[in-house]
Each structure stands twice: as C-alpha cells, then as structure tokens.
Amino acid sequence: MQKKLIFVLIILFTVSVNYAEDDEGISIYKIWGVGDNPDSSEIYLDPSTPVIYVGLVNNDPYQRNVRVTASYEGNNFESAILPLSPNTHYEKIVEIRLEFNEVGEHDVDITLIDENGKEVDSEQITVNVVSPIDIKNVTCQTSYVSGSTPNIEIVNSNWFTVTLESNYRAQTDYEVKTWISVVSTDYDGDTNEDIENEDIYYNGRDDLKVVYVPYRSEQEVSFKIPEIKVGEDEFKIQVHTNVMGLHDYTNDLEKTELVKTTGTISYNYKQTVKTFQLPIHIASYSVFNDINGSNSEMVKTYYRTSKIYDKTIEDALNQNPGSKNVLSRAYVEDDPYLSFLKINLENRYDSAQTVTISCKSFSEDISEKTFNIGEKEAKAVYVPLLLKVSDDGEFNLSYYSNKYLVYESEEEIDLEPKIVSPVQIYNISYPVDSSAALASGNSGYVFVGKNYTMNVTLKNNYNRTLTGKLYVGDHYDEDNSYESGVFETTEPITFKLSPKEKNTYSIDLKFNREVNGLIEVVVDTNGAAVDEDDDIAGYSTMVHFDAYNILDIRKVWYNNTILPKIATINKNGGLFLNYPLAGFNNSCAVSFESMVLDDITYKMWVEVYDSNGNLKATSNKKNVLVKAKSTNGNLQTADFDIFFEEGFIGYTLFHAVPLNDFEDVDIFYTEGSGTVSKDINPLAPVGRYSSIDLLSSIPTSTNKVTEVVAPIKIDDMAYTENNLNVVISSGLSSIYPVNLTYFYRITISNDNKIIYKSPTYKDIIHSTESKPLKIKLGDVDGETYDIVFEVEIPDFARESGTYHSMILKKYLTIANNKEIITQEENSESETYVEPKTNVENTEENSDLENQSTTADENRGIIGNILDTISSIASNIPIIRNFV
C-alpha cells in the first residue's frame, strides 16, 4: 500500500511541475479515484474505498488559504481550511469520502473557496460507482437448453440458482445481500423501487439471502419462487445485490474483464441477455364452431349435465362425420353458453408434459381441460369456453404444465352466438273452415270476417321455469309488415312453463281482408338471450294463412237497353254505344260465384263515385241467394237499377253483405279508375276484392273507368247577393267536338208546392265552351225556396229505334240564413215538362239565344216572365222585388 502511495506522489509531482510553470492563482489540478488509471477520463468508485482525490496548486507569489466542498444528490462535504504555500509547484491533495446507495453513475460538484468565501474554481465530475460482484449465471434447477439458443432456457421448476462472482474490481471479501425478481421481457426498471407495475410477476425483496463471496472467487445461491402468473410465455430473472450499502441489479449476465495495455490497466464490462421460457407455448388459437370427434363428448356432457334440450345439437351429435358451424348457441341472457377454442400447442421441453388449460369469463364461469403432449410435439386441442352474451367475447385464458409457472392473459374473440329461444313452438294447429270448398293441411284456410282459433303448443327446453308472452306479430318477413287492422287477434298471452313442460294456448284470429301468405307468431321469453339487432327476447316463426272472401266477384258491367249518343255522324245520324248515361235508369250487372259449400243470402247494391271520391249514385238494395260452390262451378248474375243526375268519370263499387254467419263482412268489388282518390279504407273490417288497386299502392296497368255520359255539365250553381249563378259547360268535348243544341228552364217551390215554372229556353253550346248565367232573384225574406235548374238535350238516347231526350237537373235550396244547400235528389220522381210549341228548336232564333246567354242581368229570367203575372208574383217575396 505504501509503494502505491509513493508511486502516485511521484507522478503527481512530475505533472505538477509541468502544468504550473506558467499558471497564476490557485486551481483544481486533477480529480481521480483510488486505483484509477491516471490517463483515464472516467472516475470509478469502489465500495471498499469510496474516496476521490482532489489535487490543488497555488501559483500566486503569496500564501493562499482555501476550502474544498463537494455536493451530490442532497449530500454535502466540506474540508478544513488548507494553507497553500506561495509559488509552489507541488500540489496539495485533498481526500473526499463519498457515500452512495446505488451502483451506477452519479454527478458530483467540486468547488474551491478562498478565505474570503469567494469561489475561485469549480468542476463537475461524474463518478461511476462499480460493483465488485458480477452475476455470472442464473439457471433453473430443472430446465432444458438447446445448443442453438444457449441464452434461452426452458424452465420446468420454480427453483433458480444464481452464481455470484467477485470481479477484478473487488478489493477484498464481501458479504452480499441478494434476491431475485421475475419480470416481463419488456421490463427494464428497478423492482426495488417499482412495486405496482403489472410487468413485475414476482418481487423477492422480502426473501433476500446473505452470501459470503471470497476475494476473486464465486458463490452459488438458490431461490424458490412462489406461484407466479405471467402475461407472456417467457420472462426474465432480475438479480439484486447489496454490497457494503451499495445496491445493484441486472436483468442480464455480467462479466468484468481486466485489460492491460502498455503499462496501463483498464476494465471491460460485458452483459449477456438471458431469457426463460415456459415449456408449453400456444402458437395460435381460434373459435371452433363445428362438432367433431374431438369435442363431441364434451358437447354431449355439457348438454346432458345442464339439462338443456336443443334439437339442432342432438341431430349434430348423431351425425357421422361431424356437423359444420353448429356452435355456439345462446339461450338465456344471464347463463353461459358453450363455445370451443381450437388451440395449437407446442411443447418446447425435451420430455412429455401434462398441460392444463383454463378459460374463465368475466362473469366467473370457468371451463378447464387437461391434455398430454409429447416431447417437442405440436398438437391441436379443443377447449370448452363458457361465456355469456354480456361478456362480448372477452375472457381470461390461462395454462400451466408446472403449477408454479402459470400463463394468464386477457383475451377477446369475435364470437357471435346464434340466439336460440329456450321456449320453442312445439306444434301449431291451423284453423280450417268446415265450409271451405278448398283446403290445405299446411296452412290455415279461413274466410274473411269470421272468428277462428289457432292452437299453439309451447315447450320449455331449458332447465328452469320461464315466463313470457305469446302473440301474433305484425311482420310478413324481415322487410315487410302488415298494416294495422288487416287481421284482429287476442291480446298477448302470458305463459309460465316449468323445465321440459309443454302447454297449448289458443289465439283468436279474424281476418278483415284477404291474405294469402305468412303471418308471424312471436314467443317473447323473459330473460332470453337477445341479438343486438332484434327487438324481442326469444324468437318468431312465420305461419301461412289463406284467408278468402266467401264470394268470388268475377265482373261488374253495364248492360243498358237504352244507349247514349257518343258521336254525331251526320245531321240526322249518330253513334250509340252501351255506356251508362245521365238522366235515365241504368242497369248494372254483377257476376259472382260462392266459395263455400252452403247457400248464403246476401244484401247487395251498387255505388258509383266520381274521380274525387264523391258518391254520385246508389242503386236499389236487394237480397240475393247465392248457391253453394259446386265442382262444375255455379256462376250467378244480379242486375241493379241506378240513376245518374249528371255525367262524370269515376268508378263503380259493388257491395255484398252476407246475412248469416258473416254479419260483419262487406265484400266489395271495384270496377273503374285506378287513379281516383276515393278514400276506401283498406284496413276497415271488410273483405276486399278488386281487379285494380284503388289507392295505387300496388302498380297496375288496369285503367277501367265508369264513364257516365252527359254532353253538358251544370257547374257551380249558387245563390249570392240575390242572384242565382249557374255555369253550363261542355261535358265531354273529346266525344262531342261539335256544337250542341239544348233547352233549359227553372222551377221554384216553397213548402213542397211549385210556385213558379218558367218557360223553356233554347241555346247552343260549342265544344270546350263554358257559359256563365246570372239570374236575378229577390230577397229571401225569411222564407225557404227550392230551385231546380233543368237542362234538356233532345234525341240524345235511343232505345229499340226510339229517340229520347236527356234531362239533367241541378238542385239548390235557399234558406232564410241565405246559406246554399245543394240537393242531390233522384230526378225519377220529377214530372217531365215538354218544350212549349212556340219555341223554335233552331239555331236561327237569335233573340232567344241572346236572351238565354245573357239572361237580362237587369231583370233576370224570372223578372221577364213575371211581367205577365205581376198580380200573382206580388204575393211571393223572392219574386215580388222583380215585378
């Protein structure tokens, strides 16, 4: 030791002389550690002698008194006052003892202060505190190492041996406190400081051991780790040492080498990464939805022990070979369902292993399976997985071949189980009407408007009592739904079924219109698993129904004997065709056939609407006995008389109401325009049969219209401000593109007594022409008057060679409150008035034509007439004002 000190002093003296030759003042000459190479730029600190040296020189011509301070990591050192001789070329050496707790680099600030407290020099240094102990090796006591990967050790024990070696920096023997921790391969922190990190699988700080390591020797120490759970199938061992109060740790193997070059000594520090692996490795896994020889027994055991009956599963288990894409099937929201993982295992170890694999859902449902796997073998195994719908495919996967080393991680798979209702429809008994001429065993065969019962048998296939609702839904299929009111049914039926129980429930049904298709029977079970795209807990099934009207209407047509003129051929001729016409009784014929095996009496009638849906005429009602359907057919016909006041375009509606067994059914058939806006409610409690669609909800090329013929229309008849305003227009200009001669007159009644009947006037209307007439009347004066405006078209209809005039009428009631009430009365009861003989039916009578066109707005038609009967008219208020 004395020789070393003399050698250092000689070197320092030599260097001091060289460096101080031209310097002035006092300064820090050099800082070094014990045993350091003087030429090294690094300062190493051994725990045996934690000392650094600071060399000082004074180049001033007078003595200087100084103090040396050192500060580091919250610690401070201060020397006594040191006198430095003037002009000395010998350095003053100051020893500073530093105390550290951790091996590694530490920053130290060195400051030189004179007697006046002034800082005259300073320097910051980095001190590398080194450990005299290397971790030479870490190994598992039962393990396998492949020659190709010597730094990867396959472990099969929880005992580990650590070899500690006294390295070249050691100064003496050491007593070493040591322990180990198990960490993930991504963890590089200090487990001595980091406690809660999830990458620390085991922290052995509390299980330390004290080992005596001789100088330049090595020592082994063994550790038993408790059961650990790792998040990957490989890990690292972190070894901690504490030598003379200095803590050190490493995840790697260490070796400190002594290097001698040209008379200098240095050290080379090496680290080698070492990883430990579990003997069993999961190469991959996937959801397995099939049933085969590897998992069929597990499936059978699960369904037998859980007492769940599923016909699909039973059929799959009975098939050979297995069934594809059968699993998984979920039944109840809060109970687990069975799935499988296909796991590809690899045995890394050099002997056979027994591995136990466990899957646990977040709801604590656990499934576990044990397998044998041979030396270095790769093997596919099938592991049951019990999850709930609410788990969303998330679960914990764990396995081990040594129960002290357990792999465990959180996993997530894309698992979409088929939702299966635990309560199934066991049987459906379809209603079939005994009166039906046709029937099918695969569907319900019923008639519109009649009450029926459908019996539905439910079976609980689950292992506990379940409750819910049974009802008829509102869907044809996934894309179509019934409009409300197409059929009527009972309120939802509440059911309660014990495990494996069957029970039959009756559902009342009445169809309000014809249906030939599917309706939905819904089983809504409380607590059943629900698919996120469904709105019911359970399931629905579609059942087929044929709902027919009891009467098949074949055709509606007009078969008048009197025919209207629809075109003028020449002055004396015309084209007469079978059209319904205004001003005459028309005959509407209907053909039909019964769909039942019984004779049924119906009340039948015909209604005719215009294109705006306004009712224009109703036929007489009659009771008709319709014969039962026979094999040869039994087509019948009925005729109905109907009278039209004016011409229009619209459609004809035929009604047939049965008088026995079907009191609530109104079977109707339309023949007419497909674009009219008549608001016939298709959801009303009536049966509907039609060759067209009234509301245009179904596209159709049919465009059959009821065209009631009248070449003149009486429009906008109204009483305002003591005037009767009437508009006469050409009714069917496309059919009559010629001028048309017509006559008109007015009749006034009071209290059902005719008080005035005007003469008949002649006029001519041109094609597409519209003529307004204003007829001046008097005040109402508290009375009520009925006015009839009548138009006659001569020789417009023909029957068996005889010509008839068409008479059109418009009615108006003038009430005492001056409101106008339009009457739509049947004009068959009115007396026909022949034209007066003194009126010429020629176009040359211009006086009459002008008179009828302008109607003498100052006096009015009635005013002109009353010039000759003023004595009578003076007693009638509405006429008196114009006398």
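These notebook entries record what I looked up in the structure, which is a predicted model.

**Entry 1. Overall make-up**

I began with the chain as a whole. The protein chain has 883 residues, and 49% of them count as buried. I found seven helices and 61 strands in the chain. I then looked at how far apart in sequence the contacting residues are. Among contacts with a separation of 6 or more, 69% are between residues 24 or more positions apart.

**Entry 2. Nonpolar cores**

I next asked which residues touch the most other members of the largest nonpolar core. They are M454, L458, L470, M604 and F789, in a core of 115 residues. Strand β59, residues 785-799, gives this core its largest share, seven residues. In general, nonpolar side chains in soluble globular proteins tend to be buried together.

I followed F789 further. Beyond its neighbours within four places in sequence, F789 is in contact with I714, M717, V726, I728, Y744, R745, L773, I775, L808, K809 and K810. Another core lies apart from the largest one and has 55 residues, including V138, V230, L405 and I413.

**Entry 3. Cavities**

The largest cavity holds about 50 Å³ of space. Which residues line the largest cavity? I listed I135, V138, I237, V239, T250, N251, D252, L253, K274 and F276. One of these, V138, is also a member of the core of 55 residues.

**Entry 4. T256 in strand β21**

I stayed with β21, which spans residues 252-261 and contains T256. Is T256 buried or exposed? I recorded T256 as buried, because its relative accessibility is 7% and the cut-off for buried is under 20%. Residues up to four places away in sequence aside, T256 touches D134, N167, Y168, Y267, N268 and Y269.

**Entry 5. Cysteines**

I checked for disulfides, and the count came to zero. A disulfide is a covalent bond between the sulfur atoms of two cysteines. I also looked up the accessibility of two cysteines. C140 has a relative accessible area of 4% and is therefore buried. C588 is at 0% relative accessibility, so it also counts as buried.

K229 is placed in strand β18, residues 228-230. At 45% relative accessibility, K229 counts as partly exposed. Its contacts, leaving aside neighbours within four places in sequence, are Y201, V406 and E408. I also noted the separation of K229 from Y399: their C-alpha atoms are 9.7 Å apart, while the two residues are 170 residues apart along the chain.

K376 is in the loop between β28 (366-373) and β29 (378-387). With 43% relative accessibility, K376 counts as partly exposed. What does K376 touch, not counting residues up to four places away in sequence? I found Y144, N347, R348, Y349 and D350. The C-alpha atoms of K376 and S351 are separated by 7.4 Å, and these residues are 25 residues apart along the chain.

**Entry 6. Backbone geometry**

Most residues other than glycine have a negative phi, and most peptide bonds are trans.

The peptide bond joining L327 and S328 is cis, with omega about -10 degrees. S328 is in the loop between α3 (311-317) and β25 (329-330).

Where is K307 placed? I found K307 in the loop between α2 (296-306) and α3. Its phi is positive, near 60 degrees, and K307 is a residue other than glycine. K307 counts as exposed because its relative accessibility is 57%, where exposed means over 50%.

D751 is not a glycine, yet it has a positive phi of about 55 degrees. D751 is in the loop between β55 (740-750) and β56 (753-757). At 61% relative accessibility, I recorded D751 as exposed.

How values were computed
Residues numbered from 1 in each chain as written. Predicted model: local features only at pLDDT ≥ 70, side-chain atom pairs only at ≥ 80, totals over all residues. Heavy atoms only, no water. Core = buried A, V, L, I, M, F, W, Y, C linked by side-chain atoms within 4.5 Å. Buried < 20%, exposed > 50% of the residue type's maximum accessible area, 1.4 Å probe, protein only. Helix = DSSP H or I, 4+ residues; strand = E, 2+ residues; numbered from the N terminus. Contact = heavy atoms within 4.5 Å. 1 Å grid on protein atoms, 1.4 Å probe; cavity = no way out; pocket = protein on both sides within 12 Å on 5 of 7 lines; lining within 4 Å. Points joined across faces, edges and corners; volume = space filled by probe spheres on them. Disulfide = S-S within 2.5 Å.
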